[in-house]
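Me: I have a structure open and I'm new to it. Can we go through it piece by piece?

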Amino acid sequence: MKRSEFARAVEQEFGPGYGDVVVRDLVLVELGNRTAHEALAAGVAPRDVWFALCAATDVPEQRRHGAGLPEPR
């Protein structure tokens with residue numbers, strides 16, 4: 001997963017406004033008590049951050065995989 005795909009997945013799952021709040025404010029124990037924003041800045045892979053975010057917010061399994069991929073042209 002690329003950073004752009006992570007951003008797209010967050011927006012699709014949480015919406016543009018709430019997605020920003022979740023990424024910047026929700027502390028994720030799984031990522032060393034960092035927010036998704038802090039974890040990404042520290043070099044954690046976007047895919048790992050996405051799965052930690054999904055687990056913390058109870059995103060259903062079927063919406064976790066393949067999220068953020070652009071629509072085929």
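Me: Where is confidence lowest in the chain, and where is it highest?
Reply: Confidence is lowest in α1, at a mean pLDDT of 94, and highest in strand β2 (residues 34–35), at 98. pLDDT is the predictor's confidence in each residue, from 0 to 100. This is a predicted model, where local features need pLDDT of at least 70, side-chain atom pairs count only at pLDDT 80 or more, and totals for chains, interfaces and linings use all residues. Residues are numbered from 1 along each chain as its sequence is written, and side-chain values use heavy atoms, with hydrogens and water left out.

Me: What does the chain average?
Reply: The average pLDDT is 92, and 99% of the residues score at least 70.

Me: How many helices and strands does the chain have?
Reply: There are 4 helices and 2 strands, in the order α-α-β-β-α-α along the sequence. Both kinds are DSSP runs numbered from the N terminus: helices are H or I with at least four residues, strands are E with at least two.

Me: Next, the core. Which residues of the largest nonpolar core touch the most other members?
Reply: Phe6, Val10, Phe14, Leu31, Val49, Trp50 and Leu53 do, out of 19 residues in that core. At least two core residues each come from α1 (3–14), α2 (16–25), α3 (36–41) and α4 (46–57). The largest share, 5 residues, comes from α4. A nonpolar core here is a set of buried Ala, Val, Leu, Ile, Met, Phe, Trp, Tyr and Cys residues joined through side-chain atoms within 4.5 Å.

Me: And what counts as buried?
Reply: Buried means under 20% relative accessible area, exposed over 50%, and partly exposed in between, with a 1.4 Å probe and protein chains only. Buried residues make up 36% of the 73 residues in the chain.

Me: How many aromatic pairs are there?
Reply: The count is 2. Phe6 and Trp50 have ring centres 6.5 Å apart and planes at 85°, so they are edge-to-face. Rings of Phe, Tyr and Trp (its six-membered ring) pair if their centres lie within 6.5 Å; planes under 30 degrees apart are stacked, over 60 edge-to-face, the rest tilted.Me: Is Phe14 buried or exposed?
Reply: Phe14 counts as buried, at 16% relative accessibility. Leaving aside neighbours within four places in sequence, Phe14 is in contact (heavy atoms within 4.5 Å) with Gly19, Val22, Trp50, Leu53, Thr57 and Val59.

Me: Back to β2. What does Thr35 touch?
Reply: Thr35, found in strand β2, touches Val23, Arg24, Asp25, Leu26, Val27 and Leu28, not counting residues up to four places away in sequence. Thr35 counts as buried, at 5% relative accessibility.
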